[in-house]
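The sequence and the structure come first.

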Amino acid sequence: MARDDVLAPLVRLRADAVVVTTMGAVRPWGRISDHPLDFASADSAMGHAADFALGVALARPERQVLCLNGDGSMLMTLGTLVTIVDSGATNLVLFVLENATYEITGNQRVPGAGRADFSGLARAAGFPSAATFDEPTAYAAALPSLLRAPGPVCVTVKVEPGSEGPLGRGPSQAVPYLRPTLAESARLLRAALVGP
């Protein structure tokens, strides 16, 4: 599947969910969404977007939180799957975009590529719902019910490797949520969550 096959249906269905992105999903999501509840977890903490998303989900249990994680990032912190379940958070949907590479550092192969079953790992950790997709029609058809399912939910989507390069922040960045500093991004997200 192309990454757009994953993100386009999701942007239409996200409503007012918080969306936390990392690594190869940061720029593609930022090109199609400019929502105040989008957060780029792209600052030298590879593997911790799911942790951050869990923190938001626990702090705001009335709001759905979607995490667009990568397979390399998920592999670095597999224990997070158990922590998510143990936390009792039911408002978190964890997407694992499985492209078998560490895309933004040069497409190096992810260990276990093609063998690791992230949805299987999530089920073994206690996720009540977990599904894997490698075809866009089936994914798009299942997505609405997955987003309504009691969580936590894990959705693994097998995508083609991309060509997103290293990430940075600053005023010259093309996608708006990479223009502020990390601290400012966190402040903006907090303000959006608290409301006027």
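Leaving out residues up to four places away in sequence, D38 touches R14, V19, W29, S33 and Y177, where contact means heavy atoms within 4.5 Å. The structure is a predicted model, in which local features need pLDDT of at least 70 and side-chain atom pairs count only at pLDDT 80 or more, while totals for chains, interfaces and linings use all residues. Residues are numbered from 1 along each chain as its sequence is written, and side-chain values use heavy atoms, with hydrogens and water left out.

D38 lies in strand β2; helices (H or I, at least four residues) and strands (E, at least two) are DSSP runs, numbered from the N terminus. D38 counts as buried because its relative accessibility is 7%, buried being under 20% relative accessible area, exposed over 50% and partly exposed in between, with a 1.4 Å probe and protein chains only. The side chains of D38 and S33 make a polar contact at 2.6 Å. A polar contact is a pair of N or O atoms within 3.5 Å; within protein, one must be able to donate a hydrogen and the other to accept it, and residues adjacent in sequence count only if both atoms are side-chain atoms.

## The sheet

Strand β2 belongs to an open sheet of six strands, in the order β2-β1-β3-β4-β8-β7 and with parallel pairing. Two strands pair if DSSP finds at least two bridges between them. The edges are β2 and β7, each with a single partner strand, so one side of each has no neighbour in the sheet. From one strand to the next the twist averages 15°; axes are lines fitted to C-alpha atoms, for helices over the stretch in contact, and angles run from 0 to 180 degrees between N-to-C directions.

| Strand pair | Bridges | Residues opposite each other |
|---|---|---|
| β1 and β3 | four | V19 and L66 |
| β3 and β4 | six | V65 and L92 |

Helix α3 (residues 49-59) packs on the sheet, where α3 touches β1, β2, β3 and β4, and its direction makes about 175° with that of β3. Helix α8 (residues 182-194) also packs on the sheet, touching β1 and β2, at about 160° to the direction of β2.

In a regular strand the side chains alternate between the two faces of the sheet. In strand β1 (residues 18-21), V18 and V20 point one way, V19 and T21 point the other way, and all are buried.

T22 lies in the loop between β1 and α2. T22 is buried, with a relative accessible area of 2%. Beyond four places in sequence, T22 touches S41, A49, L68, N69, G70 and S73.

## The cores

A nonpolar core is a set of buried Ala, Val, Leu, Ile, Met, Phe, Trp, Tyr and Cys residues joined through side-chain atoms within 4.5 Å. The largest has 33 residues, of which L10, L66, L68, F95, Y139, V155 and L178 touch the most other members. At least two residues of this core come from each of α1 (3-13), α2 (26-32), β3 (65-70), β4 (92-98), β7 (129-133), α7 (136-148) and β8 (153-158). Helix α7 gives the largest share of this core, five residues. Apart from it lies another core of 27 residues, including A53, C67, A89 and L189.

For L66, the contacts outside four places in sequence are L10, R14, A17, V18, V19, V20, V93, F95 and L147.

Helix α6 (residues 118-125) has F118, S119, G120, A122 and A125 buried. The cover over the buried residues of α6 includes α4 (71-76), α5 (79-87), β4, β7 and β8. Just after α6, G126 takes a positive phi of about 115°.

In helix α8 is L193, which is buried at a relative accessible area of 11%. Outside four places in sequence, L193 touches V18, L37, V56, R60 and R63. Between the C-alpha atoms of L193 and A138, which are 55 residues apart along the chain, the separation is 32 Å.
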